[in-house]
Amino acid sequence: METWERTAVGARLQEAAAVDRAMERFGADTHRYRLRPPLPEPAIRAFEMTHGIELPPQYRSFVAEVGDGPAGPAHGLLPLITPRPEADDGWAVDDEWARDRLPGRLASAFPLTGPAPGRLGAAADTLTRGTLALADEGCGMYARLVLNGPHAGEIWLLDPEWGGFTPGERDFHSWYTKWLTGVSQPSQG
């Protein structure tokens, strides 16, 4: 398993913030290239016990060693245990975050064995059981972490209106590192 270096991640985020002082990159105005403190082990263990799950090791180690969001892909990583401080501002992502924490939802079996392309509509609610919303991509789209089954640990992309629910990255480390590596590069265009 790849490991995390909190200092290296923090340095990369500082570089990104310096390059993007105006916060013009997609989502930067939300996460501002900042990390919340890591979560204590007892809090992570309590979350897992409450929801009857084990978090995939790469994501678990990130929130334990690096930070509990928000700096990350799209509008940033959603916090694991407590809602975003600004959660009363009416964002749809806050409803998605709360729905994931309903009893039994995270422990439910991930129902897909392969991609579900195309318009999903209301079926998206059933198809996302056994996954955790990681980041709001905007317009009702989310990056989600599969928690169980043969796809456990993978990042799937949910676009219920157009693209469906499809695999995005093989694991959290790859997904986050791809964003972190690209974020400190100057924008093209």
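My entries below start with the whole chain and then turn to two residues.

**Entry 1: what I am looking at.** I noted at the outset that this is a predicted model. I kept that in mind for every value below.

**Entry 2: the elements.** I looked up the secondary structure and found seven helices and four strands in the chain. Reading from the N terminus, I wrote down the order as α-α-α-α-α-α-β-β-β-β-α.

**Entry 3: overall dimensions.** I wanted to know how the radius of gyration compares with that of a compact globule. For 189 residues such a globule would have a value near 16 Å, and the chain has 16 Å, so the two agree. I also took the box along the principal axes: the C-alpha atoms fill roughly 40 × 40 × 35 Å.

**Entry 4: inside and surface.** I looked up burial next, and 48% of the 189 residues count as buried. The accessible surface comes to about 9,300 Å², and carbon and sulfur atoms account for 56% of that.

**Entry 5: contacts along the sequence.** I took the contacts between residues at least 6 apart in sequence, and 62% of these join residues at least 24 apart.

**Entry 6: charges.** I looked up 18 positive and 26 negative charges in the chain, and their mean positions are 1 Å apart.

**Entry 7: Asp100.** I went to helix H5, which covers residues 92-100, and found Asp100 in it. Is Asp100 buried or exposed? Its relative accessible area is 1%, and the cut-off for buried is under 20%, so Asp100 is buried. I then asked which backbone atom the side chain of Asp100 reaches. For one more distance I picked Gly138, 38 residues from Asp100 along the chain; the two C-alpha atoms are separated by 18 Å.

**Entry 8: His173.** My last stop was helix H7, residues 172-183, where His173 is found. His173 has a relative accessibility of 12%, and because buried means under 20%, His173 counts as buried. Which residues does His173 contact, leaving aside its neighbours within four places in sequence? I wrote down Glu2, Thr3, Trp4 and Gln58.

Methods. Residues numbered from 1 in each chain as written. Predicted model: local features only at pLDDT ≥ 70, side-chain atom pairs only at ≥ 80, totals over all residues. Heavy atoms only, no water. Helix = DSSP H or I, 4+ residues; strand = E, 2+ residues; numbered from the N terminus. Rg over C-alpha atoms; globule rule 2.2 N^0.38 Å. Buried < 20%, exposed > 50% of the residue type's maximum accessible area, 1.4 Å probe, protein only. Contact = heavy atoms within 4.5 Å. Areas by Shrake-Rupley, 256 points an atom, 1.4 Å probe, with all protein chains shown as cover. Lys, Arg positive; Asp, Glu negative; His and termini not counted. Charge placed at Lys NZ, Arg CZ, Asp CG, Glu CD. Polar contact = N/O pair within 3.5 Å; in protein donor to acceptor, adjacent residues only side chain to side chain.
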